[in-house]
Each structure stands twice: as C-alpha cells, then as structure tokens.
Amino acid sequence: MSADNLKAMFFVECEELLEALAEGLVSMESGEADNETLHAIFRAVHSIKGTAGAFGFDTLVTFTHHYETVLDLIRSDQLAVDADLMRVLLRSSDILADLVELARSDDPGRPDAMDQVLTQLIELSGANNDTPAAGAGGAAEPAEDLSFEPLAFEPLELADGPEDGALKYHVRFEPGADFFRNGHDFARLIQELERIGQVNCVVDPSGLPELSEFKSSACYLAWDIEIETEATEAEILDAFMFLEEFCKIKEVPQNPPLPELPEADQEVPEAAAAPAPKSEPTPEPAKPEPKVAAAPVEQKAPAKAPESGAKAQAAGASAPKQPMLRVDPERVDRLINTVGELIINQAVISQRIVEGGFDTNSDLMSDLDDFQHLAREIQEGVMAIRAQPVKPLFQRMQRIVRETVEALGKDVQLVTEGENTEVDKTLVERLADPLTHMIRNAVDHGIERKEVRTESGKTERGTIRLSAAHRSGHVQIEISDDGAGVNRPKVFEKAVENGLVPADAKLTDNEIDNLLFMPGFSTAAAVTNLSGRGVGMDVVKTAISALGGRVAIASSPGKGTTFTISMPLTLAVMDGMVVHICGETMVVPLASIVETIRPDQKDIKSIGRDGRLLFIRGMYVPIIQLSEMLGLAGLGDDSSGTVYVLVRSEADDLVALAVDDISDQRQVVIKSLEGNYGAIPGISAATILGDGRVALIIDTEAILAQVRRTGTEAA
C-alpha cells in the first residue's frame, strides 16, 4: 500500500477517533462519564499521537503528547475534573481537530489558539520538560543525558493452564528502535491488554548495546507476552492496531508456553534473544548482565462483555468489531447514477408495455411489477450505502456553541437528540453552514444573559436543543432555545425601516416571524464577528431550499424559539406526482402535497378583480394558476374539470395549485438543470419519464415566493 493510501486511512481513522473523543468529553461534561469513558478518551488522543509521529506530523505529536498527559493524570485521579478543566479539555479537542485538518491539507501552520491552550495543558500536567521531539512543532528535543531510574522487575509465577472457557495466547513483541521516539509506551499497551484478560510478560534485553552506544530515546528491548482470555485473536491484535509500522508482531498461537525464566545471574539463551537492529551484539566480560524477569503486571480477571450500541462505543469496550468496508465516494456516486438509469429504464419498459396494449393481469405485467419492486429495493440499498448519521455534524455544533459562548460571555449548553438519524452524506456536508448560522443566531439573539434570565425566573444557563428524526420519508431537524423568543415589535419596526413592508401593514405573528428570512434583514445594533453584517437568516433559507427542503419558525415571547428544517433523505431520487399543464408534463414533489381534489364549481369563489379561492372543509384556500406562473397559456376562467393540488408552504399555509390533470405517482430520478442549462424560476430540477421525455420538477416554495413578491394572492 502506498504512503498516500496509508495517510488517507490515517485521516479516516482520525475522524472516528475525534468523534469518540467528542462523545466522551460530552459525557464528562454532563457528569455521566465512567472509567471506561476516560480510557476511551485517552486512547483516542494516544492513537492519533502514535500514528501522527509515523507521518512526521510533529506539531500534532507535540500537542497530543501534552493532551494525553493531562488525560492520564485525570485517569489516575491526580487531577480533579471541574468546570475550568473541562473548558481546557474541550478547547484542546477543538485544537486537535484543527491540527488534523491542517495535516490533511499539508499546511504547516498552527491554529491561532494553540499556544494558549498548550500552555494551559503544560501548566496542568507540570511537564514542561516532558516533551517529545517536535521538529517543526517548535518543542525542544529532549537531551540524551537525562538521568533515570531503571525499572525493577519482579518475576511472576505463570499459570499452569487457562481457566475454564479461556484460552492462552502468546505474542512475541519486537519493537523497532524508533518505538519510543514515535510516542508509544509499552506500559500503556499492557494496560490495553489487561482490559481483555490476565497478562504475564517477560522482557528480553538481549538487544541492549554497549553503554557507550546507548541512547535513551531508542528502544532495544523485546517482550514475550502471555494473555489468558476469552477474547479472540482479532481482539488481541486490535490492541496493536497502530503499532504495525514500528515493530514486528509474531503470530498468536494458542496455549504455547512462555520461555523459561532464567535465574538472575544466568545468561539469556541465544534462542530467546531478539535480533539486534543493526549488528550482532558483542558480549564482553565487563558488560553488566541484566536480570530477566516478568514485568510487574497486576492480575485481573477477563473483562466482561460490554454493552452494545452507543454506550459501548463511548466506553471504548473491546467488543468484537463489525467488519467495515471503505469505498471511494466516487465509486458510490457512479453506482447511484447507474441505479438511477435503471429506474428510468424500468419506466421506459413500463411505458412501452402499456402502449403495447397488454392486459393488466397478464404474466408480463406481473413480471414488470416484480422488476419495479426489485429496482426500488436496489435503489434504497444503494442510497443506504451513502447514508451516514448526523452525529459528526451535531458534534461540530458543540464546538460552535463553545466558541460563541466564549465570544459573548454567556452560559449556554447544547443538548442533542437523534444523533444516529441517517441522512445522505451530501446533505450532511451541505447542512454544516446553515446549522452553524442558526446555532450562532440562537446563542447571540435567542439566549438572554444570566442576569436577565434570573430576573425572569429562568436558570442562569440557557439551553439550545438540536434534534433530528425521520418523518414520513423526510429528515426533520429542529433547533430550539429557551430564550426570550422573537421580539416581534422590534422585528416589524426594523422591517419598516428597511423598506421591506409598509408601515401600515397588518401582519400576523407568523408573518412577522417569517420576516427574519427576508434578504438583508438583521436586528443587530452593531457589526460583530457573529452578526450585524446584513446577512441574516435568508442565507439559511436559501441553502435549505437549494437542498430541496424548507425551514419554518415558531416562537413564543419569553419562552423561546424553534426552527424546523424538513429535508429529503437524498438528493438523487424523489417521489413525485406527474401532472399535466397546458400540454406540458411536470412533476410536483410528493412531500409538499397534502391532498388532491376535483371540486364542484360552487366551491370556487371569486375575490377581487381576478383572484379565486377554493372552499374546502369550512376554510378558503388561495388558488395559484400554475400555467400563468410558468408562462404557459392560461386555462381561462372556466375551471370545470380542473384538478387542484393542495400544498403546504414553509409558513404552514395551504395553497391550491391548478393543473389540467394528474396521471401518475412515481419515483423519479433528479437531474440538475443549473449545471446543464441554468436556473429557471419556479423549477428546481428535471427528470426523464418512461416515454423518454424530459419533465420539469416544480419548486413549490419558489412559486409561492414569486406570488408574494408580485403581490398576487390568487391567479
């Protein structure tokens, strides 16, 4: 495998480790962390450090070294976790994520806040001189003449055989000379192995050089490790996951004996000696004979089987891992495109068979139905490959809250729900910017300061809740806060001042709330890094609409505000209703449709000069003539035979779209228009029908927005 491939794998592993780190820190902050969670946090940082050293990411190694030192002090109860320490740990995780991204882009720079956070870590650890070689990282390389106390080994009596249900494994561990220089520690490796069983080990010092050639930063030892456990070989080798590049690990046969322990004054047998890295050792009478004994390892029972699910992942438990297959995203995209063409091909065949006049109960039609179901199952399976949980995105929002809180001096916590809700990977990536804007807006404009909250009878700490869930083929994301709510008089006053609405306009509460989404609207009194630049929530609405979704707002003065984002699960296919307008075939997204109706003429009411309303179940719904909105020939005043498609807008209002006819409801493959042709007002994309014709997909929200802009209430 090439170095580039190895590096790419490292960064993929980093994403998973950073995710585990963030999850563990959230548990620590909430007081729900146990010892296993602390171990998982430490392992995440240590694993990044070890592999980063192999690729020469010296700045990353330096920072993670001090980070893991502080974490180790916490694990050993030498540091008490309080609010100040948690702030340092959380900021350190942010810096670590930045360093990984810089390393990914081969940027030698350093995050702005790194020096400050690094100083805090060093002060906490008291390890100003305990720094690995950092090179470009700026840390000093340790001197070679450091004095140290040699470890004292006491022999352990080995068990005669494994206990019932357990197996005994033997690992010959021969690290290279750079083992310590790359940030690894044999004692921590043993701690990892202790988690899964009883451990005995024998050190082999036969590779030690002459004292004059000895370097304190190099590793000359080898170990024979015996593990008695119920775990599998794969689980044991997982402990050596990041060590393959720096050492030789021999096979793990079951139940072999360890080498016999020699007497203290006995020479090490030649067969048990590890080969020297460069040349054969030259024994001399003057050379001191090191004692060979077992390392002082506390005997522990095999670890219990961990709980499944997110708790086991957070605890870093050593449960058997599910095999994972990493695939190039481009290959997945090609597969999705091919499946899209398969669906189009299935529609073409269906059209040809219908045109051929085959009986609907014939065997051929039955086989066609089976083909249609199979094609849909394949499509759903392929889309599931590209689906991923929103957890990484939600964890990124934790960082946004921390940074915003620090900038504004507020006390706010972010609570997340539904982190395992899966969405198309493309949607997750493109949701980052709108969610960031909304979270900052909630902290800046939504949550009050401590003294204001106290006066109103609220807790000093404000809460922002971020949740995700599947709703009727869509993913729904909610961002709610327990702040002051929308100041509607101020919003209306600002809208009048900006010329967005007339001063004598009579607007409902919902209409005033939706003024926040108008371009250029902002209530900030001053320009800051967070707000007041004339870029308001319209950025969010534009981004969400571009993804085929919609955003709504609900606010209660003094209690808080909730933004609801509803989006399709994927951008590749959609369920739609095929309609006909003035001889043109178009598709209305099924997610926007509430119902369809062919009313009596008496239910159509005229209003104003040329407006019309549909009376249905005791309420009046505005009618929009799609033919006129899209520049097609009008249907005229005679609405007999017209079908109305009732759709719900972002503002939760019902409108009726007038069409000539409805012919089908089907799954269609979305084809972008902007990349191949250009943007068309009122049209979001296109698709290919079974007869080979191109059908435009109607953008219902754009149609409604166009109606509002022109002041047309009905067509």
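Predicted model: local features only at pLDDT ≥ 70, side-chain atom pairs only at ≥ 80, totals over all residues.
Student: Is T642 buried or exposed?
Tutor: Buried stands for under 20% relative accessible area and exposed for over 50%, with partly exposed in between (1.4 Å probe, protein chains only). The relative accessible area of T642 is 7%, and therefore T642 is buried.

Student: What separates the C-alpha atoms of T642 and D660?
Tutor: T642 and D660 are 18 residues apart along the chain.

Student: In which strand does I698 lie, and is I698 buried or exposed?
Tutor: I698 belongs to strand β22, which covers residues 694-698. With a relative accessible area of 1%, I698 is classed as buried.

Student: Which residues does I698 touch, not counting residues up to four places away in sequence?
Tutor: Contact is taken as heavy atoms within 4.5 Å. The C-alpha atoms of I698 and G576, 122 residues apart along the chain, are separated by 9.9 Å. Beyond residues up to four places away in sequence, I698 touches I581, M586, V587, V588, P589, L626, G682, I683, S684 and I703.

Student: How do α2 and α3 run relative to one another, roughly parallel or roughly antiparallel?
Tutor: Axes are lines fitted to C-alpha atoms, for helices over the stretch in contact, and angles run from 0 to 180 degrees between N-to-C directions. Under 35 degrees counts as roughly parallel, over 145 as roughly antiparallel, 65 to 115 as roughly perpendicular and the rest as oblique. Helix α2 (residues 35-54) packs on helix α3 (residues 58-75) at an angle of about 155°, with their axes 9 Å apart. That angle makes α2 and α3 roughly antiparallel.

Student: How do the residues of the contact of α2 with α3 divide by class?
Tutor: On the α2 side the contact includes L38, F42, V45 and K49, and on the α3 side it includes L60, T64, E68 and L71. Ala, Val, Leu, Ile, Met, Phe, Trp, Tyr, Cys and Pro count as nonpolar, Asp, Glu, Lys and Arg as charged, and the others, Gly among them, as polar. The residues of this contact divide into 11 nonpolar, five polar and four charged.

Student: At what angle do the axes of α4 and α5 cross, and what class does that give?
Tutor: The axes of α4 and α5 come within 10 Å and cross at roughly 130°. This angle therefore makes α4 oblique to α5.

Student: Which residues in α5 are met by those in α4?
Tutor: By class, the contact of α4 with α5 has eight nonpolar, two polar and one charged residues. From α4, the residues L85, V88, R91, S92, I95 and L99 take part, and in α5 they meet M114, V117, Q120, L121 and L124.

Student: What is phi of D77, and what of D106?
Tutor: D77 is found in the loop between α3 and α4 (83-104), and at 70% relative accessibility it counts as exposed. D106 has its place in the loop between α4 and α5 (114-125) and is exposed, with a relative accessible area of 57%. Each has a positive phi in a residue other than glycine, that of D77 being near 60° and that of D106 near 55°.

Methods: Residues numbered from 1 in each chain as written. Heavy atoms only, no water. Helix = DSSP H or I, 4+ residues; strand = E, 2+ residues; numbered from the N terminus.
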